[in-house]
Amino acid sequence: MARERNPIQVIYLAERICGICSFSHIVAFVRAVEDAAKIEVPIRAQYIRSLVLELERIHSHILWAGVACYTFGYDSAFNLGMLLREKVMDVLEALTGNRVNYGVGTVGGVRRDLTPKAAAVVREMIAFYRREFETFLDVVTEDPIAKARMRNVGVLSPEDAVTYCALGPTARGSGLRVDLRHTSPYEAYGDLGVKPVVPQDYTGEVYGDVYDRFLVRVMEVIQSLDLLEKIVDGIPEGPITWEPKLPKVLASLKAADGTGWGIIEAPRGDDTHIVKLTKGEDNLTWWKVRAPTYSNAVSWPLMFMNQEIADAPLIINSIDPCISCMERILVSDEKIGRSEIVTKAQMMEKCREKTRRLMGA
Amino acid sequence: MKMTRVLEILPKSLWVFHCNSGSCNGCDIEIVATITPRYDIERFGMKLVGSPRHADALLVTGPVTKYMTDRLRRIYAQVPDPKVVIVVGNCGASGDVFFKSYSLDGPVDNIIPVDVYVHGCPPRPEAIIEGAAKAVLLLEKKREELLKAGASR
Ligand code: SF4
């Protein structure tokens, strides 16, 4: 598909790799193209990119936290999370005009400026979340049942996380201080001083279980609020694109020759795009994407070891996967030579039953 | 169409089965937003059900990948009559950015008949609610036709 399109057209395809981390994919792709064509991005554009990336992280993490609660039958927390999430959606809409696929990134910069009005909306959102997000945090992290469902479930030790290349919050949940925004800052992150969020800083110890991954994500929402504040305060004046005239951009991309990389920290882990441009060709020569779930899914078997089936949906969910058709499992009992397929619905039911059991106990 | 009419003619709550035929997730997220507190389509009695056999309406997102074609047909066949098909999102309606991809059999109307298209990439939750309202009207028409043709209730 992409090979029949020029890089600017492919941006909109890259955006639709995933409807949740759409902007992460754009930024990774655009950075790869810029790397191949040696294009400098103005500082203001870098700040705006970081701004949208952080907003996206907030909405993705809140959505995930809500869905995790939903998985173990905590529907009120799910709805609370979704209600909170609408605020950041409003802000994204005010900033970019769209709720999900924003379409603000372009090669060499961004397409929409941060107006003072939009900055005010962002500030208002930061204040709102500082006020309201605590409720959600208390509801979930202090709740004994929620804790019982997530503690010591789906454990991934730090050593295994390294061996099996876990990324993003999955690795950080196992106590590894890895975060591309910290280890190899891109866009404006170099100025912002991001520290990886790891559970030992909050609870004093690392379990590497679902609870830790949960904690990492909610704490990252709070971290993102601080980053947003720094971005809005520190954004410099200047142009927002390297070259506002599209034909000129296309001409220079046509003249470019080489391979470019773009690696960024998406909400789920490292998102890598590699692009090859050939001189004299309008279109991409090739394009390779590695989304974080490819790496994170490898560690599932380790997390599943010695766990109940009722916990399986939660464990699957805990890496925040981007799949839709893999939600069934094959249960086999070697001793009696029996195997049976458990579907997603049965699995969810089992998972919720366990919560009820815990509540009854 | 007046939205108030919808409530007048609704004989029963609209139950919807959602089939993702290879979408980018954007539309699915907006559907989730539609059923959660801000937009809360459930206050009209519409809800997502877990089996096509319980559904009145089939809601399809995504441009229908080759792998999903057969499954989509089977799901469609399992929805009892009268039924409506709602396509949410541009990619189900026309292919959108996935147009001309080698792995597509879609858009959806290549495979099953579609009654309501909701455009946008992704559409806003308000648009999805409007689509559902249109589906209710259509469903009612189909029900009457079936009754006229001699179907029992
Ligand atoms: S219409 Fe757009 S947002 Fe919706 S599933 Fe298709 S590509 Fe994604």
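Biologist: How many residues surround the ligand, and which are the closest?

Modeller: A residue counts as near a molecule if one of its heavy atoms lies within 4 Å of it. In this predicted model, 14 residues surround the ligand, and the closest are B:Cys24, B:Cys27, B:Asn90, B:Cys91 and B:Cys121. Because residues from chains A and B surround the ligand, the site is shared between chains.

Biologist: Which elements give two or more residues to the shell around the ligand?

Modeller: Helices (H or I, at least four residues) and strands (E, at least two) are DSSP runs, numbered from the N terminus. Here the elements are α2 (26-35) and α4 (90-94) of chain B.

Biologist: In what order do the five strands of chain B form an open sheet?

Modeller: Two strands pair if DSSP finds at least two bridges between them. The order is β2-β1-β3-β4-β5, with parallel pairing. At the edges, β2 (47-48) and β5 (116-118) of chain B each pair on one side only. Strand β1 (residues 15-20) of chain B is joined to strand β3 (residues 57-61) of chain B by five bridges. B:Cys19 has B:Val60 as its bridge partner in β3(B).

Biologist: Where in chain A is confidence lowest, and where is it highest?

Modeller: The predictor's confidence in each residue is its pLDDT, from 0 to 100. Strand β6 (residues 329-333) of chain A is lowest, at a mean of 45, and helix α2 (residues 22-37) of chain A is highest, at 86.

Biologist: Which conventions apply?

Modeller: Residues are numbered from 1 along each chain as its sequence is written, chains are lettered from A and ligands numbered from 1 in the order in which they are written. Local features need pLDDT of at least 70, side-chain atom pairs count only at pLDDT 80 or more, and totals for chains, interfaces and linings use all residues, while side-chain values use heavy atoms, leaving out hydrogens and water.
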